[in-house]
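Here is a brief report on one structure. Look over the model first, then read on.

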Amino acid sequence: MALIDCPSCSKRISSIAAVCQHCNTVVSDMSDEKRQSMQQMACIKQQQTLMNHSMIAMLLFCGGFGFMFWGKPDPQSWQYMIGGGATAGGFLWYLANRIRIIISKRK
C-alpha cells in the first residue's frame, strides 16, 4: 500500500482506497488518462486562483497609492493610515502571490 495524490484535491490518499476521504472522488475505477486530466485541471484551477489573488492585491495597492497621491490626506489623519496600509498590504500580498505562483510552476 502506497500513498498517492488524489487527482481532484491533490491530498494524499491510500493507493487501494476506492474513494478519496477528503473530496469523495471515486478513484478506484479511474483510468490513468482521466487521473492525469483531473490533476492538470486542479493545477490550472490553482494557478488561476493565484492569478486572481494577484490582481486583487494589485488593485488594493493601486487604490491605496492613488488615494495617497490624489486625495492628499493629512499625514496625521486616519485616511492617511488607511491609504498607507492599503498600499503596503497590497504590495506585500502581491509579492507573496507571485512567490506562490513561482513555487506552484516548479512542482
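## Two loop residues

Where does Lys72 lie? Lys72 sits in the loop between H1 and H2. The model is predicted: local features need pLDDT of at least 70, side-chain atom pairs count only at pLDDT 80 or more, and totals for chains, interfaces and linings use all residues. Residues are numbered from 1 along each chain as its sequence is written, and side-chain values use heavy atoms, without hydrogens and water.

Lys72 has a positive phi of about 45°, although it is not a glycine. Lys72 is exposed, with a relative accessible area of 67% (exposed means over 50%, with a 1.4 Å probe and protein chains only). Asn24 is not a glycine either, and has a positive phi of about 60°. Asn24 is found in the loop between strand E2 (12-14) and H1. Because its relative accessibility is 59%, Asn24 counts as exposed.

## The helix pair

Helices are DSSP runs of H or I with at least four residues, and strands are runs of E with at least two, numbered from the N terminus. The axes of H1 and helix H2 (residues 78-106) come within 7 Å and cross at roughly 155°. Axes are lines fitted to C-alpha atoms, for helices over the stretch in contact, and angles run from 0 to 180 degrees between N-to-C directions. H1 is therefore roughly antiparallel to H2 (over 145 degrees). By class, their contact has 16 nonpolar, 13 polar and three charged residues (Ala, Val, Leu, Ile, Met, Phe, Trp, Tyr, Cys and Pro count as nonpolar, Asp, Glu, Lys and Arg as charged, the others, Gly among them, as polar).

Technical notes:
Angles under 35 degrees count as roughly parallel, over 145 as roughly antiparallel, 65 to 115 as roughly perpendicular and the rest as oblique. Buried means under 20% relative accessible area, exposed over 50%, partly exposed in between (1.4 Å probe, protein chains only).
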